[in-house]
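Visitor: Could you walk me through this one? I'd like to start with the backbone and then go inside.

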Amino acid sequence: LERAIKQAKNPNVRTIETIGRGERDRPTIMLTITDPRVPDRNKKSILLSAGDHPGETASLWGMEGSIDFLLSEDPVAKDLRKKAIIYVVPILAMDGHALGTDRRQATGVNIYFDYQKFESREARYMWETVKRLRPALWLDYHSWHLGTAEGLYGPHPKVVGDDKYASVKPLIDAIGKYFPLKQQSPDTLDSPNTQALIKLGVPGFCPEFNFGKGANGEWKSIED
């Protein structure tokens with residue numbers, strides 16, 4: 001709690017807002033991180049989200065590390081804050097985490113596959129947030145894979161067609177250059193990443209965080 005309060009007082013945290021409430025009335029918050037000394041005029045918007053699958057705990061460690069990095073004095077983080085406004089939704093399914101569910105929220109809906117029917121409150125207000133922000137990039141953190149299968153789910157030509165896939169292929173190549181991927185898989189039509197690209201033109205990806213065994217066969221640490 002003390003650590004969270006300290007982060008909230010960081011001058012690079014512009015706002016902490018509630019974007020919606022789950023079926024059990026627990027709030028979903030969003031942080032806005034950017035350099036307040038640099039005008040917003042030429043900044044890109046980036047959206048990071050996690051926690052729509054409560055059982056995928058490694059994704060939360062990944063999100064915590066991302067927030068720590070974005071608020072750090074690392075030269076890359078400082079440069080990113082000058083060039084972008086980063087919107088961060090640390091935990092989408094607050095009800096699911098409180099109830100201890102695996103991949104569903106309070107009423108049993110898997111949010112990740114709810115971006116066509118919108119049966120859950122969480123999918124509805126997350127989608128409204130994406131429409132409002134229209135980010136240049138949306139990363140939705142997960143950790144479904146085990147062992148060494150670190151991967152990336154996202155728009156795939158089999159689902160979105162070759163033309164729309166071509167618009168995100170440079171991003172996939174850039175991610176693969178800096179973070180070599182062991183697996184790239186097509187997303188389903190009702191996933192947030194696919195729907196964001198088809199309906200809003202927003203490139204979205206689902207990186208899978210893995211706290212399994214590394215290339216040397218040793219179990220990875222939190223630092224990794």
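Guide: Helices (H or I, at least four residues) and strands (E, at least two) are DSSP runs, numbered from the N terminus. This is a predicted model, in which local features need pLDDT of at least 70 and side-chain atom pairs count only at pLDDT 80 or more, while totals for chains, interfaces and linings use all residues. Residues are numbered from 1 along each chain as its sequence is written, and side-chain values use heavy atoms, with hydrogens and water left out.

Visitor: OK, where is D25 found?

Guide: D25 lies in the loop that links β1 (13–21) to β2, and its phi is near 70°, a positive value in a residue other than glycine.

Visitor: And how exposed is D25?

Guide: D25 is partly exposed, with a relative accessible area of 47%; buried means under 20%, exposed over 50%, and partly exposed in between, using a 1.4 Å probe and protein chains only.

Visitor: What about phi of R134?

Guide: R134 has a positive phi near 45°, and this residue sits in the loop between α5 (121–133) and β5.

Visitor: Switching to the inside, how many residues has the largest nonpolar core?

Guide: The largest nonpolar core has 23 residues, and L48, M63, I86, V88 and F205 have the most contacts inside it. Such a core is a set of buried Ala, Val, Leu, Ile, Met, Phe, Trp, Tyr and Cys residues joined through side-chain atoms within 4.5 Å. Elements giving two or more residues to this core include β3 (44–49) and α2 (57–70). A second, separate core of 21 residues includes I19, I85, L133 and W138.

Visitor: Is helix α8 mostly covered or exposed?

Guide: Helix α8 (residues 192–200) is mostly covered, as seven of its nine residues are buried, among them N193 and Q195.
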